[in-house]
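Here is a short briefing on one chain. Read it alongside the coordinates.

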Amino acid sequence: MKGKLADLARRAVSSLAHSHHQTSASTSISSLSLSADEKSLLDAFSVYGEVTEVRILYDKETGRSRGFGFIHFSKEDEATCARDAMDGKAFFGRPLRIAFALDKVRGAPVVVPRVRNSENAPVPERLNSFKSV
């Protein structure tokens with residue numbers, strides 16, 4: 001059940017992002033080698049389009065890479081092309097895992113649709129306290 005709700009939340013946020021006719025897109029990259037840096041990612045991904053930003057996240061205490069980061073493309077179709085081409089490919093000896101990053105919208109509510117097995121199924125009491133939008 002928890003997995004279904006998380007999947008529905010991702011879909012809801014994704015459909016909201018697409019409804020605003022985004023022209024730029026971000027990809028999230030995980031399973032990064034500790035040897036990878038922003039320059040090497042920029043070189044590898046700029047083949048697929050205009051990269052506007054590359055960011056690897058680092059641990060505050062150790063300064064070492066946390067193994068994931070983000071690449072921002074100027075166009076959504078370029079990000080899609082890069083994801084399709086590079087997902088699973090070896091980069092510095094490790095296969096990359098690439099997905100579209102979800103943009104955080106400050107102050108905007110995220111609407112998660114309710115999941116029911118049937119139309120007549122009762123909604124648990126704790127969910128009744130939330131109002132549908």
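Two strands count as paired if DSSP finds at least two bridges between them. Strand 2 and strand 3 (residues 65–73) are joined by six bridges and run antiparallel. The model is predicted, and its pLDDT averages 76 over the chain.

**Confidence**
- At least 70 is the pLDDT score of 59% of the residues.
- In the stretch 15–22 the pLDDT falls below 50. Beyond near neighbours in sequence, residues 15–22 make four contacts in the model.

- Four strands form an open sheet in the order 2-3-1-6, with antiparallel pairing.
- Strand 2 (51–58) and strand 6 (97–100) are the edges. Each has a single partner strand, so one side of each lacks a neighbour in the sheet.
- On average, neighbouring strands of this sheet are turned by 20° against each other, direction ignored.
- Strands of a sheet pair through backbone hydrogen bonds, either parallel or antiparallel.

- Which residue of strand 3 is the bridge partner of valine 54? The partner is isoleucine 71.
- Tyrosine 58 has serine 65 of strand 3 as its bridge partner.
- The hairpin of strand 2 and strand 3 has six residues between the strands. Glycine 63 in this hairpin takes a positive phi near 80°.

**Helices on the sheet**
- Helix 2 (residues 38–45) packs on the sheet and touches strand 1 (25–30), strand 2, strand 3 and strand 6. The direction of helix 2 makes about 140° with that of strand 2.
- Helix 3 (residues 76–86) also packs on the sheet, touching strand 1, strand 3 and strand 6. The direction of helix 3 makes about 155° with that of strand 6.

**Aromatic pair**
- How many aromatic pairs does the rule give? The count is one, with ring centres required to lie within 6.5 Å.
- The rings of phenylalanine 91 and phenylalanine 92 have centres 5.0 Å apart. Their planes stand at 80°, so the pair is edge-to-face; the cut-off for that class is over 60 degrees.
- Is phenylalanine 91 buried or exposed? Phenylalanine 91 counts as buried, because its relative accessibility is 9% and the limit for buried is under 20%.
- Phenylalanine 92 is partly exposed, with a relative accessible area of 45%.

Definitions and conventions. Residues numbered from 1 in each chain as written. Predicted model: local features only at pLDDT ≥ 70, side-chain atom pairs only at ≥ 80, totals over all residues. Heavy atoms only, no water. Phe/Tyr/Trp six-rings, centres within 6.5 Å; stacked < 30°, edge-to-face > 60°. Buried < 20%, exposed > 50% of the residue type's maximum accessible area, 1.4 Å probe, protein only. pLDDT = per-residue confidence, 0-100. Contact = heavy atoms within 4.5 Å. Helix = DSSP H or I, 4+ residues; strand = E, 2+ residues; numbered from the N terminus. Axes fitted to C-alpha atoms, helices over the stretch in contact; angles between N-to-C directions.
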